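Subject: Structure for your review

Dear colleague,

Please find below the structure that I am handing over to you.

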Amino acid sequence: MADTADRDANQALRARFEEVSGQVRQVRSGLADLQKRLAEVRVSVTSRDGQVTATVDSRGHLADLELRKNPSASLIVSTVRAAAASAQRQVRDMMAEVFPPTSRAVKYLDDGDLPSLVRDPDE
């Protein structure tokens, strides 16, 4: 009876190991492509009235800003924020293609909770 229980436990552990190993292989194989795609991300948003076009990179950093006429500062800021938010969604979607949806990296992009991203994995 104990031998059967041990065999069952070993089979369960092997199955879990294979599952985790597969996830690790998938993440590793997708990282180089992900890094390249992230480096190429550029998101542009134009204000409704067409006065402001903001372009940001994958980190939401302003890469280009086009102003027409004389837009207000608040219109500029809101357009840049919209571009950054759009870039964040795009980055999250790209990372979700590589990382499991329960990974800390994907969760961080969803909720912005930095302490949960860097906490001890044994907790």
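The notes below describe the sheet, the helix that crosses it, and the salt bridges.

Please bear in mind throughout that this is a predicted model.

Strand 1 covers residues 43-46, and its antiparallel pairing with strand 2 runs over 4 bridges. Val43 stands opposite Val56 of strand 2, and Thr46 stands opposite Thr53 of strand 2. The two strands form a hairpin in which 5 residues lie between them. In that turn you will find Gly50, whose phi is positive, at about 80 degrees.

Strand 3, made up of residues 62-67, is also antiparallel to strand 2, with 5 bridges between them. Here Val52 has Leu67 in strand 3 as its bridge partner. Strand 2 and strand 3 likewise form a hairpin, with 5 residues between them. The turn contains Gly60, which has a positive phi of about 85 degrees.

Is strand 2 itself buried or exposed? This strand, residues 52-56, is mostly covered, and 5 of its 5 residues are buried. Val52, Ala54 and Val56 point one way from the strand, while Thr53 and Thr55 point the other way. The residues of both groups are all buried.

The helix across the sheet

The salt bridges

How many salt bridges does the structure hold? There are 6, and I describe some of them here.

One of them joins the side chains of Glu19 and Arg16, with a distance of 3.3 Å from N to O. Both residues belong to helix 1, which spans residues 2-40, and they are 3 residues apart, about one turn of the helix. Glu19 is partly exposed, with a relative accessible area of 44%. Arg16 also counts as partly exposed, at 45% relative accessibility.

Another salt bridge is formed by Arg37 and Asp33, whose closest N and O atoms are 3.9 Å apart. Because these two residues are 4 residues apart in helix 1, about one helical turn separates them. Asp33 is partly exposed, with a relative accessible area of 43%.

Arg37 also meets Glu97 in a salt bridge between their side chains, at 2.9 Å from N to O. This pair links distant parts of the chain, since Arg37 lies in helix 1 and Glu97 lies in helix 2, 60 residues apart. The relative accessible area of Arg37 is 25%, and this residue is partly exposed. Glu97 is partly exposed as well, with a value of 49%.

Yours sincerely,
A colleague

Definitions and conventions: Residues are numbered from 1 along each chain as its sequence is written. This is a predicted model: local features need pLDDT of at least 70, side-chain atom pairs count only at pLDDT 80 or more; totals for chains, interfaces and linings use all residues. Side-chain values use heavy atoms; hydrogens and water are left out. Buried means under 20% relative accessible area, exposed over 50%, partly exposed in between (1.4 Å probe, protein chains only). Two strands pair if DSSP finds at least two bridges between them. A salt bridge is a side-chain nitrogen of Lys or Arg within 4 Å of a carboxyl oxygen of Asp or Glu.
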